[in-house]
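Here are some notes to read alongside the model, for a colleague who is meeting it for the first time. Please keep the structure open while you go through the points.

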Amino acid sequence: MIKTEKTLHLRRFRGRKVRVVREHYLREQVPCFSSLCQADCANGIKVLPGDLTHYVVPDADVVVNYLEILELRELQGIIFTQTACQALHSKGRRYYNRLRNLVKDPRYHCVQFANEFQQYSYCPREKGESQEKWQTRCVYSAAVWYYNHLAGMMNVVMITEDEEAVAQYSSLHSGVYVISVQDYLQNFWPDLQAAQELYTSISQALEEKEAEDSQREFPEHLPAEVMEAGIKSGRYIQGTLSVNKHRALNEALVLTEGSCSQSMDLSSGVLVHGGKNRNRAVHGDVVVVELLPKSEWKGRVTALTEGQGDDRSADDGQENPMPTGRVVGVLQRNWRDYVVTFPSRDATQSQSRNCQRVLTIPWDRRIPKIRISTQQADTLQDHRVVVRLDSWESTSLYPNGHSVKVLGRAGELETEVQTILVENCIHVPAFSEAQMKEMPLSSPERPWRVDPAEAAKRRDLRDSHLVFSIDPVGCEDVDDTLSVRSLADGTLLELGVHIADVTHFVAEGSLTDLEARTRATTYYLADRRYDMLPAVLSADLCSLLGGVDRYAMSVLWELDAESLAVRRVWYGRTVIRSSYQLHYELAQALLNGEEVRVPELEQFCPEEKDLKLAQLIQALEMLTRVARHLRLQRDRGGALELEGVEVRAQLDKDKNITALVPRQPLEVHETVAECMIYANHWVARKIQESFPNRALLRRHPPPRQELFNQLVDTAKVMGFSIDTRTNKALADSLDRAADPQDPMVNRLLRMMATRAMSQALYFSTGSQPQDQFYHYGLALDRYTHFTSPIRRYADIVVHRLLTAALELEQGAEPAGILATNRELEELAQHINNKNWTAQRAQSASTGLFQCLFFRDRDPQTDLRCLADAIVYSIRDNGVLVFVSEYGIKGPVYLKNKEGQVVSAEPDGSCKWQSGKVRRYPSYITTTSGGCTSTFRLMSHITVRISVHSSNCHSDALVLEVVSNQPHRGSEPQRPASQGHRQLVQEVVRLAESAQQQAAHAPKLSREERDFLQSKTPNLYSILEEIRELALMDPEAVPRLTDPVKTGQ
Ligand SMILES: [Zn+2]
C-alpha cells in the first residue's frame, strides 16, 4: 500500500475556499466488478457480465449532467468512477444517493470503481490543472486501467462532453475509445430513442441555463448554515410546503412538524401568501420560513371554489388571520416527474423570445409553469409530456426543466391514464426478460409439477384434508383455501386456512422480489390493472386451483368442539390439493340445502357422489358455525361494519365483468372473510411473539374525535344521535341511525363515518409502543396481512417472517437475513406510501372515466345527464352533494360570480336570479324577489351533470341544480354500482374505437401483454378487496373503481 497526499479544494462558508490535505492510500487490489476478471479481485455478487460488446466509463461532467440517461435500464456495462461520483456528490446529496441506489440495484448493469484508490489508475492533480481537466484525466486513466486489467478482452468506451478530451485521448490507446455522449448514443444505442431524446432535451436545457438573463425576480435563498442557525434560535421555521390546489397561485401552507416556535400555535401551519413570498419553493419542498409582522397576517378563503370537493376536515369559518410568513430558503427539493401540457402554437409564440423556450403547464395545479427549451415546440403542442425540473434561478419567474418522455395527445384515454400513473409516481414497466428467466416454467404442454424432494420437507395435506376454495364465479387466481374437520372422536375441531406459498417462488433479493417490492401492490385502475407479480405465478403456480397440487403456507387451529376455544395452533409449509373450487352462490345454496350441481362431483357414481356431497356440506356447516362464533367475539369487542358487500359481478367466458347486479348478502361471504381475518390475526400474534421488535403488523388508529363533528351534527339534524366514544358505540349508533323512508341517509352517515376514520397502516413492532398495535376497525389487538401474497408485498414480508419464526422455533438460524426494525419500518412506510398512491391513482382514473362518459353528451338534451343527488354538507355559497347513481360527489353552487342565486319555482324547477344566500346549520336559503327557496341537509335534489374541460389539467364534472325536488327519472333508479360499471365499459368501448381510427395512438405492445400488464381488471381481486373493505367502508359499492380510503 502506498501513502500519498491528496489536496482538496473545498468550497465552503459563502464561497471562501478551504484547502484540505488528506492522507491518501493507494492499493494494488481494488475490485473491478467484472466477470472477466483474471486477477482474483474481491468482487461481490453484482458484477458486469462478460458478454457485452463494451464497457462504458462516463466522465465526471457526464455523470453530473446526464445521470438520467445512465439510469435507463437498457444501458449496460456502466462503470462509475469514484471521481465522477464525488463530482456528483458536490451537486447534492439527493443525486449522489440516486447513484448509490443505482449501483446497489441488481436490475441495473452498473458498478462503481474506486479508481482513486487504485495504485495504477490514480493520477495526482498537477499544478495549474483545472479541476475539470484533472477529473477527465482520472476517468480516462481508469478506462485504460480496465482495458489492461481485463487483458484486452473488453473494449472500453469513455464518454465525455469535453471536446478537447476527445481530441486528446481518442487515439492514444487502441481498445479505449473516447467519444461524446451524442456519438456514443447514436453509434451504440441507435434504437434507444428515449436516450437520444433525453440527451437533446437535457443539453438544450443546459445551453439555455448558460444564457439566463440577470434581472432578479426573487430574493436569493439564505445559505444553509444561516438557515440552520435561524431554525435553532427560533427565528425561522422549517416545514413542508403544501400548495392549495384550488388557489394555487396565492395560497400555500408550510406544515411544521412538531416545531414549537416563539410560544405560538403553528399546528395548522404557516400561511405563505402570493408568489413572491413563496420565493421559488415548489409544492412538497422542505422550506424555511420567516414570520411576517402580525399586521401582515392573512386568513384562508373558505367559500366553495371551482372544482372543489369536500374537505376532509370541516374547517369552516377560518377567515381569521393566521401566522403568515415568507420563504427564505429551501432545505430540500422534493421534485418528481411532472406531466405538463405544451400550449397551442399561437400561445407559444407570444410567450417566448426565440420559440425555443416554451412555458408548459403542469397537470398538477399546485406546480408552477415550467420553462422547457425544445426544438419540438410545434410537434408537441397540445401533447402531454413528462418533464423534470433542473433549477429555478432567482433571475427567473419560472423554473427550468427538460422533457423526458412524450405521453401523447391530451384528452386521449391512453395519454390520460399514463398521466395519472406518472403523477402518482407509479412506474410499472413490463417485467424484464431477466426477471422472467427467474420464473419456473409451466405451459399447457408441460405443466409445472410438485418437486418430490420439496414435498418431503412439507406437511402433506393432500390425502388427509378436504381443502376447498370459495370465490366469486369464474375466479382464476385463488390465493386462499379452507379446510375444516373433526378430530379426536369429535371433541376437537380443526380449522385450516391455506395461502399460496408465494415466497417459495420469489426468493428474497431476486429481481422478481425487487420489482414486487418497488411496486408494493397490484394497481387497480378503472379499466385495467398492473400486477405485482408475473402471471405465471399469480394465475398459475400460486393459484390454488382445484384438482392440482400446490405449495401452501397453512395455519391450522385445533378448537374445542363445544366452546370453540383454541387448543393448539400449527403454522407451516404444506402441499395441498383443493378438491372443490366453489363460488359463493353455490356454497350458500349447498348450505341452504338446495339441489345444486357441483361440477367436481359429476364424474362419480351416485353413491359416491352422495357421500362426497354430504362431506362437503358438513364441512361448510362446520365452517359457518366457527365463523359465526369468531364474528360474535369481534362484535363484542366493537368491530365496525359500516356497510356490507352488495354487488355481484356477471362475467362472460373471458372473465370480463359484463355487469354488476345487487345481490343478497350471503352469509358465506362473511364466513370466508372471518376465517381470513382470523388467520391474519394469529399470524400477527406469532410473528410479533417471535420478533417483538421487528415484525410487520398493521394497525388502525382510533379516529380523532373532532373529525366526527360533521357526522354527529348531520345526524343530529336528522334526529339521530351518534356516539363516537368507542368503536362499539359508533357501530351500534350507526345501526340505529336509519331512516326507513330513505336508505340513502344511513349510507351517507356511514360514508361520513368512514371519512373521519384514520387509515390503517403497516408498521414495524419496534417502532410503536404495544398499546398502539390495536386495530380499531376490526377490534383486534394485533393484525397483519398474510392472506394475499399475490397482490400485496406486505404479505410476502409476513410470509418470510413467519418462516423465520418457525425456523427459529426449531433451533435453526433463519435462512434469510432478517430486516432490522429500522429497515422494516422504512419498508412499511414505503408500502403505506405506495398504497396511498394506488388509491389516488384509482380515484383519479375513476374521475377520468366519469368525465369521459359525460364529455360527449349534451347536458341539455341527454337525460342521462340528469340525476338525483342528496345534500350532505352546507357551505357558505352552496352545498355538497352525492350522486349515488354515478358515485359522484361534488359542490353545487347556489350563488354565482355575478351575484345571482338559484331560485326555485313552486314546482321545484330552478333558475338564476339576483338575490341573496343565507347559511344555517342544517339548511341554506336563497332569497330573490321576495321568494325564498330552501335546501336542506339530507334532502334530495335534481342535478345536471356536465364536464368542465381543461386542456392542461384533468377535466372536472360540474353539478348544477335544476330542481330542488328529487329526480324522477323515466325508469326506476338503477343500483349505483351498475350505472357506474356501465360507465367504465362504455368509455372503454368509445376509446377503443377511437384508437382504431387514429393510427398514431399507441396500442399495448405484444410484450406488454405477454409480460402481463393486464388490460382487464381482475374481478376476483377487486371483489376480494371489497370483501375486506366492506367491514370498514361504506362506499364499497362504487368502490369497485373508487379510491380505497381505509383498508383493514
Ligand atoms: Zn479484477
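What is the mean pLDDT of the protein chain, and what percentage of its residues reach 70 or more?

1. **Confidence.** The mean pLDDT of the protein chain is 82, and 84% of its residues reach 70 or more; pLDDT is the predictor's confidence in each residue, on a scale from 0 to 100. Over residues 350-355 the pLDDT is below 50, and this stretch has eight contacts in the model beyond near neighbours in sequence. A contact means heavy atoms within 4.5 Å. Residues 995-1048 also stay under 50 in pLDDT, and here the model has 177 contacts beyond four places in sequence.

2. **Ground rules.** This is a predicted model, in which local features need pLDDT of at least 70 and side-chain atom pairs count only at pLDDT 80 or more, while totals for chains, interfaces and linings use all residues. Residues are numbered from 1 along each chain as its sequence is written, and side-chain values use heavy atoms, with hydrogens and water left out.

3. **The chain overall.** The protein chain holds 27 helices and 39 strands. Helices (H or I, at least four residues) and strands (E, at least two) are DSSP runs, numbered from the N terminus. Of the 1048 residues in the protein chain, 55% are buried. Buried means under 20% relative accessible area, exposed means over 50%, and partly exposed lies in between (1.4 Å probe, protein chains only). Among contacts between residues at least 6 apart in sequence, 69% join residues at least 24 apart.

4. The ideal angle for four tetrahedral donors is 109.5 degrees.

5. C32 lies in the loop between β2 (16-26) and β3 (54-58), while H149 belongs to helix α4 (residues 131-149), so the pair ties together parts that are 117 residues apart in sequence. C32 is buried, with a relative accessible area of 0%. H149 is buried as well, at 17%.

6. **A five-stranded sheet.** Five strands form an open sheet in the order β10-β9-β8-β11-β12, with antiparallel pairing. Two strands pair if DSSP finds at least two bridges between them. β10 (270-273) and β12 (325-332) are the edge strands, each pairing on one side only. From one strand to the next the twist averages 40°. Helix α8 (residues 224-233) packs on the sheet, touching β8, β11 (286-291) and β12, and its direction makes about 105° with that of β8. Such angles run from 0 to 180 degrees between N-to-C directions, with axes fitted as lines to C-alpha atoms, for helices over the stretch in contact. Strands β8 (residues 236-243) and β9 (residues 251-255) are antiparallel over four bridges, and S242 has L253 in β9 as its bridge partner.

7. **An enclosed strand.** Is strand β21 largely enclosed or exposed? Nine of the nine residues of β21 (residues 492-500) are buried, so this strand is largely enclosed by the rest of the structure. Strand β20 (residues 480-487) pairs with β21 in the antiparallel sense over eight bridges. The hairpin of β20 and β21 has four residues between the strands, and A488 takes a positive phi near 50° there. β21 is also joined to strand β24 (residues 549-560) by nine bridges, again antiparallel, and E494 stands opposite E558 in β24.

8. **Another hairpin.** Five of the six residues of strand β32 (residues 888-893) are buried. Six bridges join it to the antiparallel strand β31 (residues 878-883). G887 takes a positive phi near 65° in this hairpin, which has four residues between the strands.

9. **A three-stranded sheet.** The order in this open, antiparallel sheet is β35-β36-β37. β35 (916-919) and β37 (931-936) each have a single partner strand, so one side of each is left without a neighbour in the sheet. Neighbouring strands are turned by 20° against each other on average, direction ignored.
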